[in-house]
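Let's take a walk through this protein together, with the sequence and the 3D view side by side.

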Amino acid sequence: VTSAHPTMAPRRRCGLATCASAAALLCPSTLSAAFSVQPSAPPFRPVPLAAVSDTPSDDGGAIPPSVLSAVDHCYPTSAYSDRRRSAYDAALASATNFTPEGIPLGGDSMTYGEFDLPFFARLLRRAEPRKGDTFVDVGSGAGRVLLAAALLRPDTWSNCHGVELSAPLHDLAIEARRRLEQIEPRPPPIAPCQYTCADCMEEGGAGTDALRQADVAFSYAVTWGSGGVHDRLVRTFGRCLKDGARVISIDLPLRDEVLLGGDDEGGEDEVGEAGGSGGSRSNCHNVRFELIAKEVGPNEETGEETVGLVYRVVRS
């Protein structure tokens, strides 16, 4: 696989502005050739991991300490506010609403959060990944969950793919993956990681192409619950995800049924409750989201509980 550092350029300014699609497949054999650390990057002082045991921790027992340590090296707590600021600045840069004085308003798109990793590992187990599966993080942000997934199951995934609209966050994800290679004496095993800067709901774009390859999709985007954005995401899942794919959705339930119009995946469709009315079905086929697991866990951002819902895609 040939990798190159992506170059992003805005394609349009709108509510779901799309960056030029860019992907880089990262694995230990290609990483050093694909990327070079820019001189302006802050120095990274790796911490040896040889003494870290892989015995599961007592706080849920889901993640080996070596994996938690590796993620912490790539996403240090001390830089958390910087990651939030990058998301905030990116939202302002793409804002379409302004105050009378011309001050940009980013709304909910300014929200940035980092998911509890032991809880993520629990949900991942409930999705029952199989060897050769592809994991896709929809709205992957700075790539922390994606990296954790690749580290947790290095021998399971054929690829871990993050799709993120914000170019600054996309760049942070690639930089974090590069930092993993600097861990001494050697980085832990990891599945291949791919990063794409694109709108995950733009039909025919790189984001929906990624979803069509997904066996397990993860969505932690609670702010998408307003303005019809989540319904649009569910329709995208219905069009793109293969039969048998699993979806992990945080706090936002998926509707029971998606009716896809005609034989064209890009045709008109609607989201409705199972058994509900919605016009003629003679030219439609159904996609159901079968709930297979529900877990309650902590939310690091709010200090409250959050609900993880695991679904299986059933096409008929």
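Begin at residues 1-24, where pLDDT stays under 50. This is a predicted model, and for that opening stretch it has 66 contacts beyond four places in sequence. Residues 273-283 also have a pLDDT that stays under 50, and here the model has 16 contacts beyond four places in sequence. Across the protein chain the average pLDDT is 75, with 65% of the residues scoring at least 70. If you go element by element, helix α1, covering residues 28-34, has the lowest mean pLDDT, at 38. The highest, 98, belongs to strand β4, residues 133-138.

Now turn to the helices. Two packed helices are described by the angle between their axes and the distance between the axes. Find helix α2 (residues 65-74) and helix α5 (residues 144-152): their axes come within 10 Å and cross at roughly 150°. Angles over 145 degrees count as roughly antiparallel, so α2 is roughly antiparallel to α5. The crossing of these two helices, α2 and α5, is right-handed. Which residues of α2 and α5 meet? From α2 come Val67, Ala70, Val71 and Cys74, and from α5 come Arg144, Leu147, Ala148, Leu151 and Leu152. Sorted by class, this contact of α2 with α5 has eight nonpolar residues, no polar ones and one charged one.

Helix α5 has another partner to look at, α4. The axes of α4 and α5 come within 11 Å and cross at roughly 60°, which makes α4 oblique to α5. In this crossing, too, α4 passes α5 in a right-handed way. On the α4 side you can pick out Leu117, Phe120, Ala121 and Leu124; they meet Arg144, Val145, Ala148, Ala149 and Leu152 in α5. By class, the contact of α4 with α5 has eight nonpolar, no polar and one charged residues. Arg144, Ala148 and Leu152 of α5 are listed in the contact with α2 and also in the contact with α4.

Finally, have a look at the aromatic rings. With centres within 6.5 Å as the rule for a pair, the count comes to six aromatic pairs. One of them is formed by Phe115 and Phe218, with 5.6 Å from centre to centre and 70° between the planes, an edge-to-face arrangement. This pair links distant parts of the chain: Phe115 sits in the loop between β3 (104-105) and α4 (117-126), while Phe218 belongs to strand β7 (residues 216-219), and the two are 103 residues apart.

Key:
Residues numbered from 1 in each chain as written. Predicted model: local features only at pLDDT ≥ 70, side-chain atom pairs only at ≥ 80, totals over all residues. Heavy atoms only, no water. pLDDT = per-residue confidence, 0-100. Helix = DSSP H or I, 4+ residues; strand = E, 2+ residues; numbered from the N terminus. Contact = heavy atoms within 4.5 Å. Axes fitted to C-alpha atoms, helices over the stretch in contact; angles between N-to-C directions. Parallel < 35°, antiparallel > 145°, perpendicular 65-115°, else oblique. Left-handed = near helix turned anticlockwise from the far one by under 90°. Nonpolar A, V, L, I, M, F, W, Y, C, P; charged D, E, K, R; others polar. Phe/Tyr/Trp six-rings, centres within 6.5 Å; stacked < 30°, edge-to-face > 60°.
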